[in-house]
Amino acid sequence: MAAYGAAISLKNTIQRILQSSRISLVSPSPQISYSSYSDVFDNSYFKAMMAAYGKAKSLKNKIRHRRPSPHLLQQAYDAMCRLQKVLLKLEETSCSKIRTKVNALDERIKEVVWEFEDLLESLLADQLLAQLESSQRGEGDQLSFSVDLLNLQRCVDYLLERVRAMEAEYDIELANMPEEEGEPVSSRIDFGGISTEMVGLSDEFERVRDYLLAEEDEWRWVAVINWMFVIGMAGAGKTTLAKKVFDDPSIQRHFELRAWVRVGRKCESNETLRCILAQVDPSTRDQMLTHGEDGDDDFEKLVGILEERLKDKKCLIVMDDVWEWDRRLMDRFPKENVRILLTSRLRFNEEPPSFIRENNSILLRSLLGDKGSPFQVVRLLSDEESKKLLGEKVFGGEGFPPHLEKLGEKIAKKCEGLPLMIVKVSELLSEEDKTPEFWTEVAEKQHNFVFDDAYEQISEVLFPSYDYLPQYLKMLFLYLGAFPPYSDIEIQKIFNLMSAEGFFEPIGEKNLENFIKECLEKLAIRYHLILFEASLGSLLSKSAFRAHSCWQYLCRKEASKIKFLHVLQSCDDVMKDQRRLGAHYNTLFAFKQVSDSIKSDCASTIRSLLCLGPYHQYPVSIHAMDYKLLWVLDALRVRFYHVPLEILKLVSLKYLSLTCNNEIPESISNLFQLETLNVGQHMNIKKRGGQSYVPVEIWNMQELQHIEILGRDLPTPNFDSTLDKLTGLRGVSPKSCTREVLQRIPNLKEMIICMELKPYDNDDWFNALNGLGYISEELQNLVRLSYIVRNPEIKYEFMVPLRMFPSSLTYLQLSGLGCPWEYMNDIGSLLPNLTDLMIEEYAFRGPEWDIKSECFLKLETLVIEDTDLERWRAQHGSLPKLEMLSIRHCYKFKQLDWTRDPSTDTTPTIELLNCSLGVIPSAMLLHHDGFKVDLGTSYL
């Protein structure tokens, strides 16, 4: 819900003010001009508050003589904490409750909180900018700001009063939430209209069927778990798969009795029992269809009838579209002869109590691995399967005619493997002319009525998955609508944005980065709303994810409705009071019509400007960005000749990302609240004898957490200042690795060093390598290190000092060094905590890498890409934890030799992409020894 995110945002804003080392809250002073923020008094929200108290005029007259409460902002902060607790009560309600009125009240609460936050930040920004413009600073000076917030006393009082009243109203609404109307038993057991036609998913079908048919003497775990979940994204075909299993002849022969129940969000235990009895006991069918009364006595009576009917008979029960785990019911089904197949768009957190009670989880894992898991995820269709399904739906069994086949393939690919989406698109295509011209428009245009109508039609099916998400996940999920469809989203980028956006906070003692990763995993694994397997070219990548375009459509629609985020589609879009604006066509921001609309409709509320469309080779002239409350400006895909001066006046800015080849001005330090600074290069042009540094004033920007400055370096500070909050530094060269620099960034966790050879290079670069040894001495918290030599040459061998690798590293990427493979063993011996190792572009050279025993004891992922390696050998006792070995584009590679300790509890996957065909025999030998081997498509 938006109110929950609004409360967090206001809390973070208050915390940022109170904890800032640069801001002092003071009483009124003659030196502070009130005219700079007199427009605060003309704010409609302020007027409403003053009218409510009947004292607006007297407050203006008396304001200079009142002293602020020392706990003014703390009161508002505490109120938001209490509000969060009230809002979280919604999580305790059932999925069967209708949330319409609660959602409407949530919207009103959000508006009250947002308006107060706007008032607070407007007052702050006006005073900060006024003092910045009047200041005269010398090099190394840090300007301290005096801020008077006395004017907010009555505003805070009004906020507290309104929030308290709305909290009471919220409790009343929660207590009186209406129940969703249930379905009659007759419709819940009517499965005649469910199709069993299925394209692909044959492996999934066979696994589910075999699991249900297994006898206890074959698979011992069926005495422990007599159920199986078919889970996956809404519209993925879970019901179709379950129906195909239900109707399979071998299932019908094996189970004397079968029952199908559509559960949905509202289905009581008694009702489920009546649905089952109506199908397995003909003598009670009429009674079950027409009669039912609630209560424990009735439940026990129904259980008794069912137990008697199922005695000595094998029965299959399918429970379709399950939203909540019915512990009371599931524990009462006999394990010996009953199998239960459930479908759900959720993966439930808890196992059945009987499973926990008998403590057989270890037995299950040790016996079965993936084969015996009681969960079967229904994957999305492949491009080929999608094409087949679309062709059959539009043209029948013959598929596409030749003149539409390529276009049909493109349209099917845009459906991203979701069967429900493919079916809807096929229905709409069937209603239109089947001409190449029309199909070309559908295939090529990002926005066309066929896909927009399909998205809209399936939104009704998808919406409950969003509506019943936990509150702490909702705003994060809606934010994904800002990103262009069919594109990968970097987790690091999401982390930096969430830190700046302010509406997201960790729960408990977790830090923000780990909590965001945990939330993304929940969205993927528990709720099936995002996908980690995107177009990343490998089985191993978890650094990025993707949201299906149908979900992004829903996110954009809902986010715009609540004024949280609007993605511009045209110059005529209505953007009144929107808090964030995005664009998938960055040129939209260059239109004066759009700029004027922003200024008139949302300049006083806008917090983020997200230019996430394709990169333009030529500069895009974005009109004046004088939005004083802006927190986030993501314009990395917009090229600037110079850093615009108006950006350097955005004193509220916390995230700045843009592309500019010219120097960064000294006045960048005006942005003293900045947390992320990312300055990209349009072209990498180097001047002989010259080196590009960011201004020394960057050391005054104490809030910086992440810096990415490709082609630039950090200067040596000439005054006493450190960036204690900096955890990420990317794109610098070895010249940023001096002791003087590293000592000033002691809490760095990630570092990417890029070294580029130039035709006129001399010994200067090799001298810079000597400074790398300071890394292990000064950066004790470093966990991720990348060292990349761009444009490497065979004649160079960069023997980086072993002292540069701190033992704290868990991730290491090396590229272009040209060292012998034995040196990698030396490096590895220094890294006892290493879990991920990426070796790329001739980082090491030579035909053979022999990994010695007791090496890389915690390594889980090893990638070797683009090297001249021919033989890879892992001795007994090495790599005991390795889960993934990926060897890619090593065209000479022909032999794998891996001696595994049989006592190790992992089954590694070996991925071979574009290697020599000679490697296949040794790979197959490892496959026979129990390794998982993926040869990719290059060998087919």
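These legends go with a few close-up views of a predicted model. Local features need pLDDT of at least 70, side-chain atom pairs count only at pLDDT 80 or more, and totals for chains, interfaces and linings use all residues. Residues are numbered from 1 along each chain as its sequence is written, and side-chain values use heavy atoms, with hydrogens and water left out.

View A. β12 (residues 580-583) runs parallel to β13 with four bridges, and β14 (residues 632-640) does so with three; strands pair if DSSP finds at least two bridges between them. L581 has L609 as its bridge partner, while L610 has D634.

**View B. W260 and two ring partners.** F191 and W260 make a tilted pair, 5.8 Å centre to centre with 45° between the planes. (Rings of Phe, Tyr and Trp, the latter by its six-membered ring, pair if centres lie within 6.5 Å; planes under 30 degrees apart are stacked, over 60 edge-to-face, the rest tilted.) F191 sits in the loop between α7 and α8 and W260 in β4, so the pair ties together parts 69 residues apart in sequence. F246 and W260 go edge-to-face, at 5.5 Å and 80°.

Definitions and conventions:
Helices (H or I, at least four residues) and strands (E, at least two) are DSSP runs, numbered from the N terminus.
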